[in-house]
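Trainee: Hi, could you walk me through this one? I'm new to it.
Mentor: Happy to, let's take a look together.

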Amino acid sequence: MPTAAHLAALLEPRLAETPYRVVDVTDDSLTVRIDLADARWWGVLSRHGLRETYELALRADAAAGTYTITETTREVQWSGGMDGPVPHLGAALRTEVFTGTRWSWTRRIVVGFSDHGGVEGVVNYAFSPSPVRAVLTSTAKEAGLRPRRSGSDRFALVAAIAGGGFALLIVLVMVADLVGVF
């Protein structure tokens, strides 16, 4: 079964034209993170106020032939200036860790003064972790690993099926009542 180093070697060329880089490779895990040090992505991701960073950690269990992916989002907030007669400076860091699969999409458009002195769109980007997650999962699948669902994934699936079944039952009872079965 493949090691995390083997998976990292497979991932690096696939992530070459994206803002993601493979970092922190250990015996059984690797992390894929947005690379803010790369000058190609500086303007969109840093200079225009990216306050969130995003990473995916893939942990491979070679003995079982499975893998899990954990998403981590970190948000930095800061403020400074005058608050009445008293100057203040403050900062906060929020970290959210999620194991499982979630689908999200963010769009950010900000209009303001550009470096050229005109009013124009200074920030205009969309972000979704789905493409990089797809690269991770396809690479792990090609290496012979299969996903290991977390307890929260399994619970959510059972809850969704049970909720859908209950909703279908309610609809059937309502239809039966309308046609006079009861």
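Mentor: Helices here are DSSP runs of H or I with at least four residues, and strands are runs of E with at least two. Keep in mind that this is a predicted model.

Trainee: Okay, how many helices and strands does the protein have?
Mentor: There are 4 helices and 8 strands. Along the sequence they come in the order α-β-β-α-β-β-β-β-β-α-β-α.

Trainee: And how much of the protein is buried?
Mentor: Of its 182 residues, 26% are buried.

Trainee: Switching topic, how many salt bridges does the count come to?
Mentor: The count is 5. One of them pairs Glu-142 with Arg-14, with the closest N and O atoms 2.5 Å apart. Glu-142 sits in helix α3 and Arg-14 in helix α1, so the pair ties together parts 128 residues apart in sequence.

Trainee: Is Glu-142 buried or exposed?
Mentor: Glu-142 counts as exposed, because its relative accessibility is 58% and the cut-off for exposed is over 50%. Arg-14 is partly exposed at 34%.

Trainee: Which residue does Glu-55 meet in a salt bridge?
Mentor: Glu-55 meets Arg-33, at 2.7 Å from N to O. Shared partners join Asp-24, Arg-33 and Glu-55 into one network.

Trainee: Last one: where is Thr-68, and what does it touch?
Mentor: Thr-68 lies in strand β4, residues 66–83. Leaving out residues up to four places away in sequence, Thr-68 touches Ala-57, Leu-58, Arg-59 and Arg-148. Thr-68 is buried, with a relative accessible area of 16%.

Methods:
Residues are numbered from 1 along each chain as its sequence is written. This is a predicted model: local features need pLDDT of at least 70, side-chain atom pairs count only at pLDDT 80 or more; totals for chains, interfaces and linings use all residues. Side-chain values use heavy atoms; hydrogens and water are left out. Buried means under 20% relative accessible area, exposed over 50%, partly exposed in between (1.4 Å probe, protein chains only). Contact means heavy atoms within 4.5 Å. A salt bridge is a side-chain nitrogen of Lys or Arg within 4 Å of a carboxyl oxygen of Asp or Glu.
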